[in-house]
Amino acid sequence: MNLLTQNSKIKKTAKHFNVRLYNFSIPAYKSQTGEITCPLAGECVKFCYAQKGMYKFASKWMELKFQETKKISFIDDMIKDILSKKAEFVRVHDSGDYYSKEYLLKWFKIAELLPDVKFYSYTNNINMIKKLKSIPSNFDFIFSDSGKQSHLINEKTDRHTKIFKSLSELKKAGYKDSSNYDLYATKWFNDSKKVGLIFH
């Protein structure tokens, strides 16, 4: 199965930085069978981009990928796909989130077995991430500010997002704009902890 894909923003970012960047998607908020895939989503559910446009057309494939994550073979299958595509960066979840610690640890195992590949994701699961004893050095998290645990974000020490109405407002607040180029959200391309997104 083709696990990794490229949405339009990922393609644009890959071209801009001249890197091999791919994304992995599961259904946004809940699966077709009613399983919650974003357990700590809050206000973001109302304006989630991943429940609109092309994501609706791709819902069948995201559902299949979600089911793949539950299989014992997921780690091996994902590693094979990453290697076959020669991916340098992987955005874990351009839709969906870490629905369990067991699932998160599968991604950590993949990252540990592929130390030259860089992984990153936006997440609302702040408490679970903060309680981890260690995180692979080639993994980066960006905490979303619109979930149920946004109050746990320390804006001085945690890499986090803020959504702004305009670019001027974003810059005035001292945030790095990652609206067009996704890798500006990560520690490899953004020295600050502040990731700005313009509402769309």
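Reply: Happy to. Contact here means heavy atoms within 4.5 Å. This is a predicted model, where local features need pLDDT of at least 70, side-chain atom pairs count only at pLDDT 80 or more, and totals for chains, interfaces and linings use all residues. Residues are numbered from 1 along each chain as its sequence is written, and side-chain values use heavy atoms, with hydrogens and water left out.

Me: Which residues is T186 in contact with, leaving aside its neighbours within four places in sequence?

Reply: T186 sits in the loop between strand 6 (176-177) and strand 7 (194-198). Helices (H or I, at least four residues) and strands (E, at least two) are DSSP runs, numbered from the N terminus. With those sequence neighbours within four places set aside, the contacts of T186 are Y120, D140 and R159.

Me: Is T186 buried or exposed?

Reply: Buried means under 20% relative accessible area, exposed over 50%, and partly exposed in between (1.4 Å probe, protein chains only). T186 has a relative accessible area of 0%, so T186 is buried.

Me: How many residues of strand 1 are buried?

Reply: Strand 1 covers residues 21-25 and is mostly covered. In a regular strand the side chains alternate between the two faces of the sheet. Here L21, N23 and S25 are on one side, Y22 and F24 are on the other, and all are buried. The count of buried residues in strand 1 is five of five.

Me: Which residue in strand 2 is the bridge partner of F24?

Reply: Two strands pair if DSSP finds at least two bridges between them. Strand 1 and strand 2 (residues 89-95) pair in the parallel sense over five bridges. Along this pairing, L21 stands opposite F89, and the partner of F24 is V92.

Me: At what angle do helix 5 and helix 6 cross?

Reply: Two packed helices are described by the angle between their axes and the distance between the axes. Axes are lines fitted to C-alpha atoms, for helices over the stretch in contact, and angles run from 0 to 180 degrees between N-to-C directions. The axes of helix 5 (residues 74-85) and helix 6 (residues 101-113) come within 10 Å and cross at roughly 45 degrees.

Me: How many charged residues does the contact of helix 5 with helix 6 have?

Reply: The contact is made by F74, I75, M78, I79 and I82 of helix 5 together with Y103, K106, W107, K109, I110 and L113 of helix 6. Ala, Val, Leu, Ile, Met, Phe, Trp, Tyr, Cys and Pro count as nonpolar, Asp, Glu, Lys and Arg as charged, and the others, Gly among them, as polar. By class there are nine nonpolar residues, no polar ones, and charged residues number two.

Me: Is K86 buried or exposed?

Reply: Most residues other than glycine have a negative phi, and most peptide bonds are trans. K86, in the loop between helix 5 and strand 2, has a positive phi of about 55 degrees although it is not a glycine. With 61% relative accessibility, K86 counts as exposed.

Me: What is the relative accessible area of H93?

Reply: H93 is in strand 2, and has a positive phi of about 75 degrees without being a glycine. H93 is buried, and its relative accessible area is 2%.
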